[in-house]
Every structure is written in structure tokens, then in C-alpha cells.
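Here's a quick briefing to read with the model open beside you. Have a look at the fold, then work through the points below.

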Amino acid sequence: MRNVKSRPSGLVRFLNILIVLTALAAVISLVRLAGELRSAFDRDQYSSLEYYLQDGEYPGMIRQYYSRHYDIDPFPSAHEESYQAAGYADAAFQHQFFQKIGDQARAQANARRMEEYRRGCGSLSVVADDIDRLLEDIPSGH
């Protein structure tokens, strides 16, 4: 028998080039996917506190305040003023609640917390003013 070397046909060459291009596109897509996943999970862990602050959604701020309390409370950070504003919101809503139900001792304790957090708000003291205005607009219910 003779050893015959045949050259691949044009269709086989085209399909081989197509396979290489598809594999290259898949590798590029996987690299981009990995970059997107990394950026999605590598975001600032306190950005949700800032988001709620900008949106004026104070219950969300309070929820983030409690979930991040152990992270930031004893140490100063870049998010300290936001954290203090969330603490003010928490204290103000609790003060309002305890005042409405007649528990003056707890209302006074939260009033002291409000003063402490207001001092820490710094440039975000306007948030504390906004929370005060919001609480003034709540009817007494009597």
C-alpha cells in the first residue's frame, strides 16, 4: 500500500478555523465573566448603607446599622458619619416609640443616644434634621 497524504478539503479547513475562533471567543468570555463576578462580590461592604442614606430610606439604614455594628463601631472608618447617621435614625425612631407608649426612662435613654450620634454625624447632620422633621409629621394616634 501506498502512503498517501491528502490535504484537508476547504470545508474541513473552514471548520477548523471556526472551532479555533469559537474556542478563543469562549476563553475571552470566561475571562470577562470572571472579572464581572469579582467586581460584583468585591464591592464596598458599606455601600448599601450609603445607598439607603442617599435614598432617604431610614429603615434600610437602621437594618444595615445593626448588621454592620460589629464591623465598625469601635474603630474609625471612612463610613463613620454614615454609621453615626444610621445610629441617630435608630435612636430617634426608638425615642419616638417609647415616648408614644409612655416609657419615659427608655425615651430619655434614646434621647441621650440621639445627642451622642448627632455629634458624630459631622457633615451628615442634615440627615438628623431630616429625620427630626419626618418624626414631627407622624400623627400621635390619640
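Which helix does Gln96 lie in? Gln96 sits in helix H4, which covers residues 80-101. Keep in mind that this is a predicted model.

- Gln96 has a relative accessibility of 15%, so it counts as buried, the cut-off being under 20%.
- Setting aside neighbours within four places in sequence, Gln96 is in contact with Leu135 and Ile138.
- Of that pair, Leu135 is one of the buried residues of H6.

**Helix H6**
- H6 takes in residues 125-136, and at 1.5 Å a residue its 12 residues should span 16 Å; the end C-alpha atoms are 17 Å apart, which agrees.
- The buried residues in H6 are Val127, Ala128, Ile131 and Leu135.
- Looking down the H6 axis, those buried residues fall within an arc of 100°, so they line one face of the helix.

- Leu11, Phe14, Leu15 and Leu18 make up a nonpolar patch on the surface.
- Together, these four have about 400 Å² of accessible area.
- Leu15 belongs to helix H1, residues 10-41.
- With a relative accessible area of 41%, Leu15 is partly exposed, because that value falls between the 20% limit for buried and the 50% limit for exposed.

Technical notes: Residues are numbered from 1 along each chain as its sequence is written. This is a predicted model: local features need pLDDT of at least 70, side-chain atom pairs count only at pLDDT 80 or more; totals for chains, interfaces and linings use all residues. Side-chain values use heavy atoms; hydrogens and water are left out. Patches are made of residues with over 30% relative accessible area and no salt bridge: like charges are joined within 9 Å, nonpolar side chains (Val, Leu, Ile, Met, Phe, Trp, Tyr) within 5 Å. Accessible areas come from the Shrake-Rupley method with a 1.4 Å probe; for residues, only the protein chains shown count as cover. A salt bridge is a side-chain nitrogen of Lys or Arg within 4 Å of a carboxyl oxygen of Asp or Glu. Helices (H or I, at least four residues) and strands (E, at least two) are DSSP runs, numbered from the N terminus. Buried means under 20% relative accessible area, exposed over 50%, partly exposed in between (1.4 Å probe, protein chains only). The expected span of a helix is 1.5 Å times one less than its number of residues. The arc is that of the directions from the helix axis to the C-beta atoms. Contact means heavy atoms within 4.5 Å.
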